[in-house]
Amino acid sequence: MQKKKEKINSFELTARHLLQELKSIYSDSGALLILVGAMIIYPVVYSIGYSNEVLTDLPVGVVDLDQSSLSRKYISMLDGTRDVAVTMEPASLKEAEELFLSNKITGVILIPQNFEKDILQERPTNVAIYADGSYFLKYKTQYMAASYVNAYFSGGISIKRYIGEGQSFRQAGISNNPLDIQTHLLYNPSSSYGSFIMPGLIILIIQQTLLIGIGIMGGSFSESKKSLFFLPKNKRIKEILPLVFGKAGAYLAISMINIGLAVVLIHDWFSFPDKANMTDMMMLLFPFLMAVIFLGIGLSTLFKHRESSIVFMMFLSPIALFVSGISWPVSAMPQWLVELSKIFPGTTAIPAYLRLRIMGTGLTDVKNELLFLYGQAALYGVLTIGYYIFRIRKNSVTKNNYQLRE
Amino acid sequence: MKDRNKHPVISVIGRETERIRKNHAYRFLLFSGPAIGILLLFFMFREGVARDFSIAVVDKDQSVLSVKISNALNAAPDVNVHFKPTDLFQARQLLEKGSVDAIVLLPDNLEKSVFQGLHAPVPIYINGTNVLKAGIIQRSVLTTLKTISGGIQLKKLLLSGKNQQEAIARVIPVSLDKHVLYNPYSNYNYFLNSALLFVMLYLFTFLSSIYTFGNELKRGTGLDLLETGDHSVRLAMLGKMLPYTVIFSGFSIFINYLLYVVEGLPLNGNYPFIFISQLITIITYQLMGMMLVAATSNLRLSLSLGGAYVMMGITFSGLTFPVEGMPLLARYLTYLFPFTWWEKIMISQSFRGAGLEEAYPYLCFILIFTVISIAFLPLYKRRLAEEKHWGKK
C-alpha cells in the first residue's frame with residue numbers, strides 16, 4: 001500500500017485532490033448552497049427586483065393656484081412624461097404636504113397664481129418643485145422630469161415670441177438656443193438601473209460566493225479530522241502543489257458552470273447590454289477567477305473554524321460591493337480605502353469587465369487590468385503555497401521537539 | 001457545580017459570557033467585526049458628494065468662445081477637464097480606457113456660427129454605464145453650457161434693444177425652483193450611510209445569533225444549556241440573548257452618534273421611537289437566528305442562508321431602486337425582510353419627521369417577525385435535547 005502511494009505521480013495526485021474536493025463540496029449542503037445554489041438564486045432574484053429597469057409614473061401632486069389654460073398645459077406635459085404621473089391635484093400646499101406624508105404622492109409641484117398672466121405679459125415667473133430627497137432615485141427622476149418639461153415649456157414660449165417678432169421657425173429655434181446642446185448617453189441610453197447594476201453585481205456575486213464557499217470547505221490544519229494529504233508525512237512537501245492546484249481546479253470547474261449560467265444565460269435572459277467578444281471576456285475572467293480562488297484558499301487556511309470564514313466573508317460583501325465602484329464612484333472614496341480594496345480581485349476586474357461587456361472595448365483597452373489580475377493570481381498562489389510549506393515544516397519541527405522531549 | 005441560589009437567567013448569562021471570552025470567533029462577531037464594518041462604511045461615504053469627474057474637451061474651434069466654454073466646464077464643481085485631445089478619435093480612446101467619463105465636442109466655426117446666428121451644435125457624449133455618475137455629469141455639463149448659451153442669448157436680446165427684464169423673461173420665461181425635501185444638500189452619504197451602517201449592525205446581530213444558537217447543537221452542549229436555564233428554554237434563551245442585545249444596542253448608539261452628531265444627519269422625528277425600533281429590530285434578528293437554527297439544525301447552512309437573507313434585504317428595502325419601480329412579485333418580496341420596515345421607520349422618523357402614527361404600522365410588521373420566531377422556541381428546545389442533531393455541522 002505504502003509503495004503504491006509513493007509511486008503516484010503529481011498529475012494523478014492533482015486529479016485525486018480535485019475529485020476529493022468536488023466530492024466534499026457535494027456532500028456539504030452549506031457549501032453547495034453557496035457555490036452552486038447562490039449563483040442561481042442571487043442573480044435571478046436581484047434581476048427580478050430590477051427588471052423594470054427604470055422608474056416610471058412616480059405619483060406626484062400638482063398644486064395649481066392659477067387654474068389657467070397655460071397651467072393646465074404645463075400639468076398635462078408633466079403627466080405626459082415617462083417618469084411621473086400627476087395623480088392628485090391638491091388645492092393647497094398644506095393639503096399636498098399631508099398627501100405626501102401619508103405616502104399618496106412622492107413629490108409636489110406648485111404653479112403660482114398669475115402664472116399665465118405673467119407669461120403673457122412677458123414677466124419672468126417660476127414653478128416650484130418639492131422632491132423627496134430621502135430616496136435618491138425618486139428625487140432624481142422627479143427633478144429630471146420637471147426640468148425637461150420646464151425647458152420644453154419655456155422653449156415653446158420663447159420661440160413663439162421670436163416668431164411674433166418676425167423670425168422664421170428655424171431662426172427662432174436658433175435664437176432661443178445659440179448653442180444647440182446635443183446630449184448622447186452612450187452604452188445605456190435609457191439609464192436603466194438593472195443594466196447598470198446587474199452585470200457588475202453578477203461578477204461580485206461570483207467573487208463573494210467563491211470566497212465564502214472555499215472558506216466553508218476550509219483548508220484548515222486544525223479542524224478537519226481527516227488529513228488533507230494522501231502521502232505520508234515525510235513526503236508532504238511534494239504534495240503541496242498537487243493539493244493547491246487540485247483544489248483550485250475543482251473551484252475553477254464549478255466557476256465555469258457558474259459563469260455559463262450567470263454571465264452568459266442570466267445576462268441574456270434579462271437582456272442586459274452585451275457588446276463583448278466572448279473570447280475576450282473569458283480571457284479577462286480567467287485570471288480574475290484564479291486570483292479569487294487562490295485568495296480564497298489562502299484565506300481559508302487562516303480560520304480555525306470553517307464557520308468563521310462565512311462570517312468574515314459575509315461582512316466584507318457590502319464593502320466589496322461599494323469599492324468595486326458599481327454604484328458609488330470610487331473617485332469619491334478615500335484613497336487609502338481604494339488602495340486597500342485592491343486586495344479583492346473584483347475591484348480591478350469589475351470596471352474592466354464592464355468596459356468590455358457594456359462598452360464593447362477590446363482586450364487591449366483592459367491590458368493593465370489583465371496584467372494586474374495575473375500578477376495578483378500569481379502572488380496569492382505563491383503566498384498560499386508558501387504558507388502550506390511553512391505549516392508543514394512547523395508541524396514536523398513541533399513533532400520532532402515533542403519526540404525529543406519524550 | 002452550579003450555584004443553586006443564582007437565578008437561572010443569571011447563570012445562563014454567566015455561561016454565555018464565559019463562552020464569548022474563550023472563543024475568538026465570538027469576539028470578532030461581537031466587537032472587532034461590527035466596529036471595522038461600521039467604520040469602513042462610514043469612511044467610504046464620508047465625502048457624501050461625488051465631484052471632479054474627469055471629462056475631455058475636443059476644441060476644434062480654438063476661438064475665444066470655445067476657450068471660455070472649456071474654462072467654464074473646468075470650473076464646474078462636478079467635472080474637471082483633464083484632457084484636451086485634438087480629435088474625437090483620441091477622445092474616444094480615452095473614454096474606452098476609462099480615463100474620462102464624458103466628451104464635449106466644440107466643432108469648427110462654433111464661434112462664427114453663434115455670432116452669425118447660424119445653427120451651432122455642441123455634441124456631448126457621456127458614458128452611461130454608471131447611471132449615477134452619468135446623471136451627475138449630464139446635469140453639470142448641461143447647466144454650464146446652458147448658462148453660456150443663455151448668456152449669449154441675453155446679450156443678443158439686449159443688443160436688439162430689449163431692456164434687462166424683457167430679455168431675462170425671454171431667456172427664462174419660467175424658472176424652476178428646486179426644493180430638495182429632507183436632504184437639502186443632495187447628500188448621498190446621508191442616504192446610503194443611514195441604511196448601510198444598520199445593514200452591517202443587523203448582519204452581525206443575525207450571524208452572531210445563528211453562531212451561538214447553532215454552536216449549542218454543533219458542540220452538543222444543548223442539555224447543559226437547558227440545565228443551566230433550570231430546564232426552561234425561555235429562561236435559557238433570555239440569558240443567552242441578553243449579552244448580545246446589550247452589545248448590539250451599544251453599537252446602535254454608536255451608529256446614531258456617527259450619523260446624527262458627527263455627520264449631522266437630519267433628525268426631524270422622534271429619537272426614542274427610533275432607538276426603541278432599533279432595539280426591537282435587534283431582538284427580532286436574534287430570535288430569527290434561533291428560528292433558522294431550529295429549522296435547519298445545521299450551523300453552516302444557517303449561516304449561509306442568514307448572510308444571503310440580510311444581503312438581499314438591501315435590494316428589497318427599496319434603498320437602491322425604489323419599491324414603486326419593482327414588478328409586483330418583487331414588491332411582495334419586500335414584505336419578507338424586517339429591514340424593509342426598519343428602513344421605512346428610519347426615513348419616516350429621521351428624515352421626514354412624520355407623525356408616529358405613520359411609523360407604528362412599520363414597527364408592527366417587524367413584530368410579526370418577532371412573534372413568528374418565538375413560535376420556533378419549542379422546536380429549538382427539542383433540537384437541544386435530541387442527540388441526533390448534535391455535532392451536525
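A: In this predicted model, helix H3 (residues 29-49) of chain A packs with helix H9 (residues 193-217) of chain A at an angle of about 170 degrees, and their axes are 9 Å apart. Because angles over 145 degrees count as roughly antiparallel, H3(A) is roughly antiparallel to H9(A). On the H3(A) side, the contact is made by A:Gly30, A:Ala31, A:Ile34, A:Leu35, A:Ala38, A:Met39, A:Tyr42, A:Pro43, A:Tyr46 and A:Ser47. H9(A) contributes A:Gly194, A:Met198, A:Leu201, A:Ile202, A:Ile205, A:Thr209, A:Ile212, A:Gly213, A:Ile216 and A:Met217. By class, this contact of H3(A) with H9(A) comprises 15 nonpolar and five polar residues, with no charged residues.

Chain A also has a contact with chain B, to which chain B gives 96 residues and chain A gives 91 residues. Helix H6 (residues 131-159) of chain B supplies 13 residues, the largest share of the side of chain B that touches chain A. That side of chain B has 58 nonpolar, 23 polar and 15 charged residues. Strands pair between the chains as well: strand S4 (residues 125-132) of chain A runs parallel to strand S5 (residues 174-181) of chain B over eight bridges. A:Ala131 stands opposite B:Val180 in S5(B).

As for chain B itself, the domain assignment gives domain 1 (8-46 + 185-389) and domain 2 (53-171). The centres of these two domains of chain B, taken over C-alpha atoms, are separated by 50 Å.

Definitions and conventions. Residues are numbered from 1 along each chain as its sequence is written. Chains are lettered from A and ligands numbered from 1 in the order in which they are written. This is a predicted model: local features need pLDDT of at least 70, side-chain atom pairs count only at pLDDT 80 or more; totals for chains, interfaces and linings use all residues. Axes are lines fitted to C-alpha atoms, for helices over the stretch in contact, and angles run from 0 to 180 degrees between N-to-C directions. Helices (H or I, at least four residues) and strands (E, at least two) are DSSP runs, numbered from the N terminus. Angles under 35 degrees count as roughly parallel, over 145 as roughly antiparallel, 65 to 115 as roughly perpendicular and the rest as oblique. Two residues are in contact if their C-beta atoms, placed from the backbone, lie within 7 Å. Ala, Val, Leu, Ile, Met, Phe, Trp, Tyr, Cys and Pro count as nonpolar, Asp, Glu, Lys and Arg as charged, and the others, Gly among them, as polar. Domain bounds come from an automatic or database domain assignment. Two strands pair if DSSP finds at least two bridges between them.
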